[in-house]
Amino acid sequence: MTRVVLAEDGVLLREGLAGVLQRFEFTVVAAVGDAAALVDAVAAENPDLVITDIRMPPRFTDEGLRAALALRAADPGRAVVVLSQYVQAEYAARLLDSGDGRRVGYLLKDRVVDIADFVGALRTVVGGGTVIDPDVVRRLLAHRRDPVAELSAREYEVLALVAEGHSNAAIARRLTVTEAAVGKHVGNILAKLGLPPDDDTNRRVLAVLAYLRSNPEP
C-alpha cells in the first residue's frame, strides 16, 4: 500500500479524493486543509506520496506549491503531485526544477474526473517518473525558444509527447511510426539539447527541464 498525505482545503473534494485513493491501494495516512498542516503531517508520517492543492489558506495563492517545494528541498526524492484549477506553466517549471525533476507531477483538477488516468499518473510519480498536464505542455509549446528551436518539426512533436509522460512505444503508436524511429528521434533530441550520455541520469527528464526553462511564461 502506498502511504499518502493529502492536502486540499475543500472538504468535499478532499473526502472524495481520499475515497478514490483508498479504492486503488493507496492509504491516506493524513488528510489536511492547509499548507502548515501539510508540512506537519509529512514530518509525522513520512509518506510515500504527497498530493496537494496549489492554492491553500490563508491567502489562497501558492501556499501549497511553496510547501511542496520546501518538502522537495528537504528531501529531493520526495514524491509530490500538485493539483491546480488553472494552467500555470511557471508553477510547473518551479516544481520540475526541484530535486532532479523526478518523482513530481503537475495535474489540473479537471483530470481527476478520469480516475484511471489520475491513478496512473500517481503511480508513475511514485515509481520515479514525472507527469505534466498536457495543457501545461501545450502552453509552453506556444512560446518555443532556443534550444528547442533547433529541433525538427517531428522531433519537436516527439519532445512534446515525452513531456506528457509517454513512453517510446506509446509515442510510436500515437504517431503511427516504429518504436525504433521514435528512439532515433529521442536520441537526436538529447544530442541537440547537449545532454550527456550518462546512464545514471534520467535524460528524458532533463530534456523536459531544458524545454521548460527555454519557454518561460510571457
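The exercises below work through a predicted model of one protein chain, from its overall make-up to single residues.

Because the model is predicted, local features need pLDDT of at least 70 and side-chain atom pairs count only at pLDDT 80 or more, while totals for chains, interfaces and linings use all residues. Residues are numbered from 1 along each chain as its sequence is written, and side-chain values use heavy atoms, with hydrogens and water left out.

**Exercise 1. Overall make-up**

Task: State how many helices and strands the protein chain has, and what share of its residues is buried.

Solution: 
- Step 1. The protein chain has 10 helices and 6 strands. Helices (H or I, at least four residues) and strands (E, at least two) are DSSP runs, numbered from the N terminus.
- Step 2. Of the 218 residues in the protein chain, 47% are buried. Buried means under 20% relative accessible area, exposed over 50%, and partly exposed in between (1.4 Å probe, protein chains only).
- Step 3. Among contacts with a separation of 6 or more, 68% come from residues 24 or more positions apart. A contact means heavy atoms within 4.5 Å.

**Exercise 2. The sheet**

Task: Give the strand order of the sheet and the sense of the pairing, then name the edge strands.

Solution: 
- Step 1. Strands of a sheet pair through backbone hydrogen bonds, either parallel or antiparallel. Two strands count as paired if DSSP finds at least two bridges between them.
- Step 2. The open sheet has 6 strands in the order β2-β1-β3-β4-β5-β6, and the pairing is parallel.
- Step 3. β2 (26–32) and β6 are the edge strands, each pairing on one side only.
- Step 4. On average, neighbouring strands of this sheet are turned by 20° against each other, direction ignored.
- Step 5. T52 has V82 in β4 as its bridge partner.
- Step 6. Helix α2 (residues 35–45) lies across β1 (2–7), β2 and β3, and runs at about 160° to β1. Axes are lines fitted to C-alpha atoms, for helices over the stretch in contact, and angles run from 0 to 180 degrees between N-to-C directions.

**Exercise 3. The packing of α1 on α5**

Task: Classify the crossing of α1 and α5 and list the residues that make the contact.

Solution: 
- Step 1. Two packed helices are described by the angle between their axes and the distance between the axes.
- Step 2. The axes of α1 (residues 11–23) and α5 (residues 115–126) come within 11 Å and cross at roughly 75°.
- Step 3. α1 is therefore roughly perpendicular to α5. The classes are roughly parallel for angles under 35 degrees, roughly antiparallel over 145, roughly perpendicular from 65 to 115, and oblique for the rest.
- Step 4. L17, V20, L21 and R23 of α1 meet I115, F118 and L122 of α5.
- Step 5. By class, these are 6 nonpolar, no polar and 1 charged residues. Ala, Val, Leu, Ile, Met, Phe, Trp, Tyr, Cys and Pro count as nonpolar, Asp, Glu, Lys and Arg as charged, and the others, Gly among them, as polar.

**Exercise 4. Helix α8 and its partners**

Task: Describe how α8 crosses α7 and α9, and say which residues of α8 are buried.

Solution: 
- Step 1. The axes of α7 (residues 153–163) and α8 (residues 168–175) come within 10 Å and cross at roughly 125°, so α7 is oblique to α8.
- Step 2. R154, E157, V158, L161 and V162 in α7 meet I171, R174 and L175 in α8. This contact has 5 nonpolar, no polar and 3 charged residues.
- Step 3. The axes of α8 and α9 (residues 179–192) come within 8 Å and cross at roughly 110°, so α8 is roughly perpendicular to α9.
- Step 4. N168, A169, I171 and A172 of α8 meet E179, V182, G183 and V186 of α9. By class there are 5 nonpolar, 2 polar and 1 charged residues.
- Step 5. N168, A170, I171, A172 and L175 are buried in α8. Just after α8, T176 takes a positive phi of about 55°.

**Exercise 5. Two residues**

Task: Decide whether T130 is buried or exposed, and do likewise for R111.

Solution: 
- Step 1. T130 is in strand β6 (residues 130–132). T130 is buried because its relative accessible area is 16%.
- Step 2. Leaving out residues up to four places away in sequence, T130 touches L96, G101, R102, R103, V104, T124, G165 and V205.
- Step 3. R111 is in the loop between β5 (104–108) and α5. With a relative accessible area of 32%, R111 is partly exposed.
- Step 4. R111 lies 8.5 Å from D133, C-alpha to C-alpha, at 22 residues apart in sequence.
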